[in-house]
Amino acid sequence: MLTCISDQPNIFMLSVVNGTIIAFLYDTFRTKRKTFKNLDIIVYFEDIAYWAMVTVAMFLLVYLINDGEIRGYIYFGNLLGASIYLGLFSKMVRRLLEILIQSAYNAVQTLWKYI
């Protein structure tokens, strides 16, 4: 477990990575919604699933890496990681996810046709 002052930069960098992962999950859900239109009830449960994943990611980061000590730089690192991801990589990743989702959908449709 990382607890020394000298470990704080490592914890901060893990927070940045965690924020990037959280933003990637957000893009995944956003791209899926854009590709496939869902009923409002499904969107509701997807939102709950997303926030449950974010909660678990934050809890694990704080509990396992920082012995449960909540520090401001952890939240700042998460915000920084999410901001960097959304600013630099989001558009490219969403386009790639759209292609992957559409390809998988087409493959299932083709397979279904032959069955």
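The model is predicted, so local features need pLDDT of at least 70 and side-chain atom pairs count only at pLDDT 80 or more, while totals for chains, interfaces and linings use all residues. Residues are numbered from 1 along each chain as its sequence is written, and side-chain values use heavy atoms, leaving out hydrogens and water.

**Helix α2**
- Helix α2 covers residues 40–65 and has 26 residues; helices here are DSSP runs (H or I, at least four residues) numbered from the N terminus.
- From first C-alpha to last, α2 reaches 37 Å, close to the 38 Å expected at 1.5 Å a residue, where the expected span is 1.5 Å times one less than the number of residues.
- Buried residues of α2 include Glu46, Tyr50 and Val54; buried means under 20% relative accessible area, exposed over 50%, and partly exposed in between (1.4 Å probe, protein chains only).
- Those buried residues of α2 pack against α1 (8–35) and α3 (72–88), with contact meaning heavy atoms within 4.5 Å.
- After α2 comes Asp67, which has a positive phi near 55°.

**Gln8**
- Gln8 lies in helix α1 and counts as partly exposed at 31% relative accessibility.
- The C-alpha atoms of Gln8 and Arg71 are separated by 9.9 Å, although these residues are 63 apart along the chain.

**Aromatic pairs**
- Rings of Phe, Tyr and Trp (its six-membered ring) pair if their centres lie within 6.5 Å; planes under 30 degrees apart are stacked, over 60 edge-to-face and the rest tilted.
- By this rule there are eight aromatic pairs.
- Phe24 and Tyr85 form an edge-to-face pair, 6.5 Å centre to centre with 85° between the planes.
- This pair links Phe24 in helix α1 to Tyr85 in helix α3, 61 residues apart.
- Phe24 is partly exposed at 35% relative accessible area, whereas Tyr85 is buried at 5%.
- Ring pairs also join Tyr26, Phe29, Tyr50 and Trp51 into a cluster.

Note on methods:
Helix = DSSP H or I, 4+ residues; strand = E, 2+ residues; numbered from the N terminus.
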